[in-house]
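I opened the notebook to look up charged side-chain pairs.

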Amino acid sequence: MTQPSIILSDVNARQSVFHRRTFLLGGGFALGVAALGARLASLQLVENDRYAKLSTSNQFNFRLVPPPRGVITDRNGAILATNRPNFRLLYARQKDQDPEAMISTLAAYLPMDEARRQRILRDIGNAPRSTPVAIMEDITWEQFSAVNIRATELPGVTADMGEVRVYPHGGAFAHVIGYVAKVNKEDITETGPNSEPMMLHPGFRIGRQGLEKSLDLKLRGRPGAQKVEVDARGRQVRLAPGGDIPALAGKEVQLSLDMDLQVRGLESFGEESGAAVLMDCRSGDVLTLISAPSFDANRFVRGLSGTEYRALAEYDHKPLFNKALTATYPPGSTFKALVAIAALEFGVDPKMTISCPGFWNFGNRRWRCDGVHGRTNMHDAISSSCDTYFYTISLKLGPDRIAAVARRFGLGETYDIGIPGQRKGLIPDTEYKKRTFKRDPVWHPGETPSMGIGQGYTLVNALQQCVMTARIANGRKALSPRLIRSIGGVPTPEGSAAPDLGFNPDHLALVREAMASVTTRGTAARTGQIGLGDIRMAGKTGTAQGYNYNGGRGIVGTNGPWHLRDHAWFVGFAPHDTPRYAVAVLVEHGGFGAQAAAPRARDLMRLALLQDPELRGRIERPPASAATVAQGPAVPEAPA
Amino acid sequence: MTFVGLTSRTERGRLIDKLLDIDRVFSLALILIASAGSLMMFSIAGSSWEPWAANHLIRFGVAFALMVALAVINLRVWAAVAYPLYALSLILLIAVEVVGDVRMGAQRWLDLGPLGSFQPSEIMKLGLVLALGRFYHGLSADRARLSWYLLIPLAMIAAPTLLVAHQPDLGTAILLALTGLTVVVLAGLSWRIIFAGAGLAALAAPAFFLFGLHDYQRQRILTFLNPESDPSGSGYHLLQSKIALGSGGLMGKGYGLGSQSQLNFLPEKQTDFIFATLAEEFGFLGCMAVLLLYCAVVFTSLRTASLAHSHFGRLTAAGVTSTFALYVLINGAMVMGMAPVVGVPMPLLSYGGSVMLTVMIGFGLVQAVRIHRYDEVTGSKSSLI
């Protein structure tokens, strides 16, 4: 270390330069601090409002609260679709988290099998980031609280109480009400109601079938919002009091259906496949709309496994299919009532008789009749379902006259009852033949007799059959069916708010009279009696051959494999003199109408009549005189 | 003044007197700043001493003790270790280039096995100041003012600066360069050369920006110039920091109620951005109070520097102080969105042992200068303290 030779003046010079510049350094620092202070003042004092707002919008999020879905009730207020509390676990995936580890931890509290584990992992993988996924639905309160307590061990998992759709009557209303299901990617649209953020909520369900689908927007309601404090990752820290927007429940829908009738009607089908529709033939209200067999709609709400779905879809009785609306069948002999009306309109004398030797020769073919009816007038032809009579009459009328009458009675039509997917069926005429068969556009006379007994091209569904019967029974109005009574307390127009039918009341009375005799001495004499004294059911049986109506070469009745058997029909109304209800029952491949369909129609009708307060008195009071078939307008003025 | 000085001269070596001579205003300011840091850490940990608040206080206590211990060491000893320390730092910096750990994309750390790891650039901050002070101590005013001797200190500054910049640790490199240049200026460099140098630097800056920086460094500067351009990406830190500051207002949101820091919107809330945490919860008044504490530290230190009789003492004390002051200004400017985000903490307020240790060792030197302000560095032999 050398000692530099620095003279005193030099030392002083160094020192004074240092002092000056240190002073400057201090001044520079003071200036810097002043600049920081000025900046702080500008941020914290001048721009405070702006940054306070930004801070608040960082801190708080609005969490969507799905609204309770609208309740669906029957005509008496019995609940058909409602919501119940559902404890579920939601999982929000985060960057540095391993869902598998989370599931392993979770499995310690909630036992789960490997398939379940895989499904949860798949769900988590499919969900967009930051959207919570429901990993467990419908856990018990014990499980719910067990997970809630251990929340810290399960990052990303929140226990949440939501609502789940429930159908208390399982399958009885599955085809009418349909069901709700999880939202698919395809459901989400760019604009419109299906673009709302609520669609992404794990608790949200979209109407997938039936009324749940067609009334979806009305049933949904308006989502509320809950103010929550969130951290930088968007995780909920705590609920923020105040600032919540309550959710608005979906509209309540009341149906015209009768819960009791519907449930017991479905039960009556047992293992059989078919449909049953019962209507009030004064107001048009549909009291039952049954398709059998049915399925448990509740399973669809939680999501069906592939095997479960396949089992339902592949069963040959087709439980997922609405047979009352979307399946069409030839009407068989039930069509004869309409042919008779067409004949009366055309001027055929009902007293005119036609001889039935058990067959009918036309062209180079012999057409078969079910029996040897001898000399038969219109009344007897309907009552005993004589094919020979209707072959002859229909040939005289031609297809267009019959088709015109059939349409006026509601066949070949769909109805605005709120259920999508109805099929029109087919009422053929010469125009149809020309339009459809380019190679053979001419209606051959030989095609008319088939049509006259409800075979051939003619196809109808059970609802149309019931509407037809109701219109015959009503006699005056071209009734429309009504399924939805009110939405959100606002009533929908009644089915009787319809134009007049426009037929001669005498003609209809004559047909009704003939139908009344079907259950006393006709085809359904043994199976169509409701056993309520002088209140009787009028009706018409039908046995529709889906396959080949050709001189008995097709498979008939209850012989042969199930899927080749005849379809059994019964349409009817009661009381026969002052009609109140109309019914149509189809038993798919059920065999003879009188055997398979009539008893079910009878039981359903009996229940409906017994429930009716107006008829109660008449049923309980012993009959004053022998029943007479009413003449003139069949339906008394509807009570106000 | 003379009386105290005489006593001190005649009774040198008396430990108790030396300890009592440590600047009390200065010490109080340090304690208050560190306590404020711990207070904020307690708040953002959700009213918990863990994981930061207690640790911070303990570290500060140890570092303060170390400062006191170093303060009694004679300036001769400091001067004697100046060059060796500088040389050692330089060797370590080169070692880091060769065998250092890469952490968070930069090669800054030297692994010492069981002793843990440390950043040689921290020692260099002290080593450079000591070496420059030692160099100018032996230089006449004329030579310090304007001569070829300037090349030596410039080389002494450039070598560590470039090595650190290459790690890359731009923040520390800038700090080293500015500290070194401050010492050179304080030693009496001609204004003409200062202005010329500043002018040249201004001209070279664009070229440096385009060719001398890593992409991420360039991105940080661009982000700083327009932070709203990408609020969730690289501008996120800046924007969230400004929101934290701005939403604090005059009085702050209240202790423990800073939503920006409590809910993790604020990045590095306990380290580089702790000042924003403070600003959010204590507002403008709290910020100004802390800034005043920093002013107290800086001005008492500068006063210490100007009281020293030895040129070595003056320059080293001022050098250490300027490092500290630069920390405060750079971090403050960064947190307030006035400078790009560089990894410079707010000294003593921010959590982090390495910087606290460096700063407090530096202040040990400053207090040593104060205690030995009447001593000559060179000349007759003396004891260690």
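My entries on salt bridges follow.

Entry: the model. I am working with a predicted model. I looked up the total over all chains and found 30 salt bridges.

Entry: Glu47(A) and Arg50(A). I found a salt bridge between these two, with the closest N and O atoms 2.9 Å apart. I then asked how accessible each partner is. Glu47(A) has a relative accessible area of 27%, so I noted Glu47(A) as partly exposed. Arg50(A) comes out at 40%, so Arg50(A) also goes down as partly exposed.

Entry: Arg618(A) and Asp577(A). These form a salt bridge, and I read 2.8 Å between the closest N and O atoms. I looked up where the partners sit. Arg618(A) is in helix H21, residues 613-620 of chain A. Asp577(A) is in the loop between strand S20 (567-574) and strand S21 (581-587). The pair links distant parts of the chain, 41 residues apart. I checked burial as well: Arg618(A) and Asp577(A) are both buried.

Entry: Arg370(B) and Asp23(B). I moved to chain B and found this salt bridge, its closest N and O atoms 3.7 Å apart. Here 347 residues separate the partners, and the pair links distant parts of the chain. Arg370(B) belongs to helix H16 (residues 353-371). Asp23(B) lies in the loop between helix H2 (15-20) and helix H3 (24-44). I noted both Arg370(B) and Asp23(B) as buried.

Entry: a network. Which residues does the network of salt bridges link? I listed Arg69(A), Arg165(A), Glu212(A), Asp216(A) and Arg220(A).

Terms used. Residues are numbered from 1 along each chain as its sequence is written. Chains are lettered from A and ligands numbered from 1 in the order in which they are written. This is a predicted model: local features need pLDDT of at least 70, side-chain atom pairs count only at pLDDT 80 or more; totals for chains, interfaces and linings use all residues. Side-chain values use heavy atoms; hydrogens and water are left out. A salt bridge is a side-chain nitrogen of Lys or Arg within 4 Å of a carboxyl oxygen of Asp or Glu. Buried means under 20% relative accessible area, exposed over 50%, partly exposed in between (1.4 Å probe, protein chains only). Helices (H or I, at least four residues) and strands (E, at least two) are DSSP runs, numbered from the N terminus.
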